[in-house]
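Visitor: I would like to know what stands behind the labels used for a structure like this one. Please give the cut-off with each label.

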Amino acid sequence: MTRFSMLLMSALPAALLLVLPLGCGPVKGYSGPTRTDAEVALIEPNPIWSNIGVIVQGVDGMDVNAEMAITVLPGERTLRLMLRPYSRAEFQEVSGPQAEMQNSYDLQWRTPIDWELTFEAGGRYAFTGRWEESVYLVEFQELDSRRILGTRNVEAIRNNP
C-alpha cells in the first residue's frame with residue numbers, strides 16, 4: 001500500500017463525519033417545521049431508573065415510534081403508549097437464550113394505553129414505572145427533578161408474540 005493510499009484511508013472516516021449528521025436527536029411528535037427546544041416539550045420514555053419499557057407510538061393521532069426521546073408541542077396532548085415489563089438495565093445484563101426468553105415474555109405482556117397529558121414549552125418529562133404480576137404502575141414525571149405529575153395503574157393484556 002502506498003503512502004498516499006494510507007493517508008487517504010485514514011482521512012476517509014474524518015471526511016465522512018463532516019458529511020454525515022452527528023446524531024438523530026429526538027423524534028418529532030408534531031407536524032410542520034422543526035421548532036426550538038424552548039418551543040417544545042421533551043419526553044424521555046425510558047430513563048435508566050425505570051423498571052418498565054415505554055414506546056411512544058402516537059401523539060394526537062399521528063403515528064410515531066419513540067423509545068429514547070420525543071418532542072411534542074406544548075398544551076394538552078393525547079399520547080399512545082406501548083408498555084413492556086422490562087428495564088434498559090435488565091436488558092443490558094442478559095444475553096443469549098436468556099435474553100430471547102426475556103424478550104418473548106416482554107412481548108407477551110405489551111399493553112397499549114392512551115394518556116391525555118399537559119406539557120409546557122421547554123418542559124422535560126419522563127415515563128417511568130414498575131411491573132407487578134400483570135399490572136403496570138406508570139408514572140409521568142418531570143425529568144430532572146423526578147417529581148411525579150401523574151400516575152396510572154394499568155392491567156396488562158397478555159398477547160401471543
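Guide: A residue is buried under 20% relative accessible area, exposed over 50%, and partly exposed in between (1.4 Å probe, protein chains only). This is a predicted model, in which local features need pLDDT of at least 70, side-chain atom pairs count only at pLDDT 80 or more, and totals for chains, interfaces and linings use all residues. Residues are numbered from 1 along each chain as its sequence is written, and side-chain values use heavy atoms, with hydrogens and water left out.

Visitor: Why is Arg130 called partly exposed?

Guide: Arg130 has 40% relative accessibility. That value lies between 20% and 50%, so Arg130 counts as partly exposed. Glu132, at 46%, gets the label partly exposed as well.

Visitor: What makes Glu132 and Arg130 a salt bridge?

Guide: A salt bridge needs a side-chain nitrogen of Lys or Arg within 4 Å of a carboxyl oxygen of Asp or Glu. The closest N and O atoms of Glu132 and Arg130 are 2.8 Å apart, so the pair meets the rule. Side chains of opposite charge can pair when their charged atoms come close.

Visitor: How many salt bridges does this rule give?

Guide: The count is five. One of them joins Arg80 and Asp114, at 3.1 Å from N to O. Arg80 is in strand β6 and Asp114 in strand β7, so this pair ties together parts 34 residues apart in sequence. Strands here are DSSP runs of E with at least two residues, and helices are runs of H or I with at least four, numbered from the N terminus. Arg80 is partly exposed at 34%, and Asp114 is partly exposed at 42%. The side chains of Arg147 and Glu142 also form a salt bridge, at 2.9 Å.

Visitor: Why is Phe119 called buried?

Guide: Its relative accessibility is 2%. Buried means under 20%, so Phe119 qualifies. Phe119 belongs to strand β7 (residues 111-119). Leaving aside neighbours within four places in sequence, Phe119 is in contact (heavy atoms within 4.5 Å) with residues including Ala41, Ile43, Val72, Tyr125 and Phe140.

Visitor: Which residues touch the most other members of the largest nonpolar core?

Guide: Leu81, Leu83, Phe119, Phe127 and Tyr136 do, in a core of 26 residues. β7 gives the most to this core, with four residues. A nonpolar core is a set of buried Ala, Val, Leu, Ile, Met, Phe, Trp, Tyr and Cys residues joined through side-chain atoms within 4.5 Å.

Visitor: How do you know that β2 and β5 pair?

Guide: Two strands pair if DSSP finds at least two bridges between them. β2 and β5 have three and run antiparallel, so they pair by this rule. Ala41 stands opposite Val72 in β5. β3 and β4 are also joined by three bridges, in the antiparallel sense, and Gly58 has Asp63 in β4 as its bridge partner.

Visitor: What makes the link between Gln108 and Arg158 a polar contact?

Guide: Their side chains come to 2.5 Å. A polar contact is a pair of N or O atoms within 3.5 Å; within protein, one must be able to donate a hydrogen and the other to accept it, and residues adjacent in sequence count only if both atoms are side-chain atoms. The distance of 2.5 Å is within 3.5 Å, so the pair is listed as a polar contact. Gln108 is in helix α3 (residues 96-108). At 16%, Gln108 falls under 20% and is therefore buried.
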